[in-house]
2 protein chains.
Amino acid sequence: MEKEKREILLVALGGNALIKKGQAGTVEEQFENLRVPISQIARLSKRYRLIITHGNGPQVGNLLLKQESCDRVPKLPLEILVAQTQGQIGYMIESTLDSEIMKQRITPQRPLVSLISYVVVDEKGPAFRNPTKPIGPILTEDEAIALPHPTIKTKKGYRRAVASPKPITIVEKREISKLIDMDFIVVCCGGGGIPVIREGRSFYGVDAVIDKDLASAKLAKEVNVDIFLIATDVRGIFLNYDRPDQKYLNTITVTEASRYLNEGHFPEGSMGPKIEAAIEFLEGGGKRSIITSIATIEDAIEGKGGTEIIRG
Amino acid sequence: MEKEKREILLVALGGNALIKKGQAGTVEEQFENLRVPISQIARLSKRYRLIITHGNGPQVGNLLLKQESCDRVPKLPLEILVAQTQGQIGYMIESTLDSEIMKQRITPQRPLVSLISYVVVDEKGPAFRNPTKPIGPILTEDEAIALPHPTIKTKKGYRRAVASPKPITIVEKREISKLIDMDFIVVCCGGGGIPVIREGRSFYGVDAVIDKDLASAKLAKEVNVDIFLIATDVRGIFLNYDRPDQKYLNTITVTEASRYLNEGHFPEGSMGPKIEAAIEFLEGGGKRSIITSIATIEDAIEGKGGTEIIRG
């Protein structure tokens with residue numbers, strides 16, 4: 001009696017889906033940019049059950065800047081700012097997808113929700129002893145010294161440094177699983193999720209940010225996603241990226257990818273965690289893992305673009 | 001074969017569930033305050049299917065203040081700030097409820113989600129011709145003149161004025177209905193919902209705020225809620241409120257309430273829309289409509305507190 005269910009596709013949208021390099025990030029720009037991936041995702045909703053996750057780097061940076069400029073209202077901790085960006089970007093993605101589905105007259109119109117998501121991390125883990133993730137505005141040395149938080153020196157100057165702990169579990173995994181079962185399109189895990197620790201019978205937010213690709217891979221495993229696709233600002237995996245001898249890879253095995261990762265081939269804050277996430281997904285039993293650009297999501301699923309990481 | 005389904009209860013939490021009068025509104029205060037209504041709602045989840053809506057006045061005011069203090073990042077329109085408060089408050093309510101359900105060892109633990117919600121309004125309606133809802137900080141006359149928005153003179157000084165249009169429909173009503181059917185607890189319609197207009201096949205956000213009680217009443221009708229409860233900072237409906245001859249009402253009929261409303265008995269920005277919302281709910285076929293304080297939600301449902309608005 002049971003009808004064959006469509007495969008589950010998780011698309012993890014990079015920050016450039018909303019704000020491109022060099023843009024200030026007005027709302028108009030963000031909605032305009034979103035149409036590129038979302039018009040593809042609207043079509044994909046015919047063939048796949050869908051989960052959409054997204055980054056929040058520039059948006060959370062802007063909220064930090066705003067609150068640091070204002071002494072008239074209480075400062076909010078980072079996990080609340082992440083929650084605010086989930087509201088903002090969840091709304092932008094959901095309403096753009098809603099509009100695209102109507103415009104393209106896609107039927108049936110699947111139910112569509114954007115969920116607040118929080119993600120358990122380990123406060124005793126190494127990430128909290130040595131915060132390494134730069135966030136927020138670039139600071140002068142004096143500003144860095146005055147900041148009541150750890151800072152880190154980057155190429156462009158000092159920035160606030162926060163812990164970037166590994167995701168342990170997505171608190172809403174049971175809910176997301178049920179929704180996917182019922183054919184909902186689900187937007188969730190924004191910005192890698194709101195980081196929380198569990199103490200006995202309570203959850204507490206912590207000052208940290210979780211890598212959105214690692215959180216997405218964790219979710220993908222927890223809800224049995226079939227295809228895990230990371231959409232970013234390059235067309236796939238390169239060796240020697242941005243050098244004269246750069247080499248594009250159509251496919252790469254888990255073994256090769258792990259070796260290149262260990263050899264430091266991929267920058268830590270960018271391609272590194274994406275490849276790590278892709279490997280974790282496949283090692284956890286996932287079927288297909290793809291890294292591609294925002295503009296070529298559909299092509300990459302057809303095998304006509306992007307880099308596919310394969311078992312072996 | 002069908003098991004009798006539990007009644008559906010919608011609790012609309014007022015702003016004071018998070019920030020009490022006189023408080024600055026730190027995160028610690030907001031989580032602490034939330035425990036009063038949420039510990040009751042956790043117990044109610046055993047007997048009712050549950051929808052929780054909430055206000056966002058102080059939170060959206062704070063976001064406005066922060067962004068007005070900062071010229072380094074693009075200003076976001078009001079609908080995006082409302083979306084941000086849905087993320088923030090949705091997370092705070094959901095995590096507090098999660099913790100309370102675990103602490104009280106309530107079983108079964110119903111699935112629990114906080115949804116981004118947007119609400120269609122009529123841009124050609126009267127609300128947009130004459131913005132009357134004061135929001136954000138209190139301004140001097142000079143600041144008011146300099147502001148690129150309409151302003152309004154209140155008792156305390158000038159404030160920005162925005163349209164407060166009537167909610168026409170909750171975009172996610174179909175989704176919320178399905179979730180309630182499946183026994184999910186749903187947090188939604190925060191701050192009255194993100195106001196959007198529908199133009200052909202697209203949604204566009206508009207600069208407005210929707211009254212959260214009117215939006216909650218609309219949702220309650222659209223998803224067939226049984227009990228509509230508004231939790232606020234007073235214990236129910238008073239005639240001549242805050243005067244020596246004030247009179248508390250245990251029950252009031254729709255006819256009486258409508259007459260008092262028309263006679264201007266209830267302040268426009270506060271008890272007025274709550275009573276209007278309660279009436280709309282009952283006239284739309286709802287069973288029970290209650291206005292009570294944050295501290296007495298359970299009692300009021302038992303008929304031991306609050307004001308019940310009744311048909312007739």
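This is a predicted model: local features need pLDDT of at least 70, side-chain atom pairs count only at pLDDT 80 or more; totals for chains, interfaces and linings use all residues.
## Where the two chains meet

Let's start with the interface. On the chain B side, 58 residues are in contact with 59 residues of chain A. The area buried between the two chains comes to about 5,100 Å², and carbon and sulfur atoms give 65% of that. In chain B, the residues that lose the most area to chain A are B:Lys66, B:Tyr91 and B:Arg201, which together make up 16% of what that side buries.

Several elements of chain B each supply at least two residues to the side that touches chain A, including helix 1 (27-44), helix 3 (78-103), helix 6 (173-181) and strand 10 (194-199). Helix 3 of chain B gives the most, with 15 residues. Sorted by type, the residues on this side of chain B split into 29 nonpolar, 15 polar and 14 charged.

## The nonpolar cores

The largest nonpolar core has 106 residues, and A:Leu13 and B:Leu13 are the members that touch the most others in it. What does A:Leu13 touch once residues up to four places away in sequence are set aside? Its partners include A:Pro37, A:Ile38, A:Ile41, A:Ile52, A:Ile93, A:Ala231, A:Ile294 and A:Ile297. The list also takes in A:Thr53, A:His54, A:Gly55 and A:Lys212.

## Salt bridges

Over all chains, a search of the whole structure turns up 40 salt bridges. One of them joins the side chains of A:Glu308 and A:Arg288, at 2.9 Å from N to O. A:Glu308 sits in strand 17 (residues 307-310) and A:Arg288 in strand 16 (residues 288-293) of chain A, so this pair ties together parts that are 20 residues apart in sequence. A:Glu308 counts as buried at 17% relative accessibility, while A:Arg288 is partly exposed at 21%. Also in chain A, a network of salt bridges links A:Lys5, A:Arg49 and A:Asp181.

Over in chain B, B:Asp183 and B:Arg110 meet through their side chains at 3.2 Å, N to O. This pair links distant parts of the chain, 73 residues apart: B:Asp183 is in the loop between helix 6 and strand 9 (185-187), and B:Arg110 is in the loop between helix 3 and strand 3. B:Arg110 counts as buried at 15% relative accessibility, and B:Asp183 as partly exposed at 23%. Another chain B salt bridge brings together the side chains of B:Asp71 and B:Lys75, at 3.5 Å from N to O. Here B:Asp71 is exposed, with a relative accessible area of 72%, and B:Lys75 is partly exposed, at 42%.

## A look at B:Asn56

B:Asn56 sits in the loop between strand 2 (49-54) and helix 2 (57-68) of chain B. Is B:Asn56 buried or exposed? With a relative accessible area of 9%, B:Asn56 is buried, because the cut-off for that label is under 20%.

Leaving aside neighbours within four places in sequence, B:Asn56 is in contact with B:Val82, B:Thr85, B:Ile89 and B:Gly191. With B:Thr85 there is also a polar contact, side chain to side chain, at 2.9 Å. As for B:Ile230, it is 174 residues from B:Asn56 in sequence and 15 Å away in space, C-alpha to C-alpha.

Key
Residues are numbered from 1 along each chain as its sequence is written. Chains are lettered from A and ligands numbered from 1 in the order in which they are written. Side-chain values use heavy atoms; hydrogens and water are left out. Helices (H or I, at least four residues) and strands (E, at least two) are DSSP runs, numbered from the N terminus. Buried means under 20% relative accessible area, exposed over 50%, partly exposed in between (1.4 Å probe, protein chains only). Contact means heavy atoms within 4.5 Å. A polar contact is a pair of N or O atoms within 3.5 Å; within protein, one must be able to donate a hydrogen and the other to accept it, and residues adjacent in sequence count only if both atoms are side-chain atoms. Buried area is the accessible area (1.4 Å probe) that two parts lose on being put together, summed over both. Ala, Val, Leu, Ile, Met, Phe, Trp, Tyr, Cys and Pro count as nonpolar, Asp, Glu, Lys and Arg as charged, and the others, Gly among them, as polar. A nonpolar core is a set of buried Ala, Val, Leu, Ile, Met, Phe, Trp, Tyr and Cys residues joined through side-chain atoms within 4.5 Å. A salt bridge is a side-chain nitrogen of Lys or Arg within 4 Å of a carboxyl oxygen of Asp or Glu.
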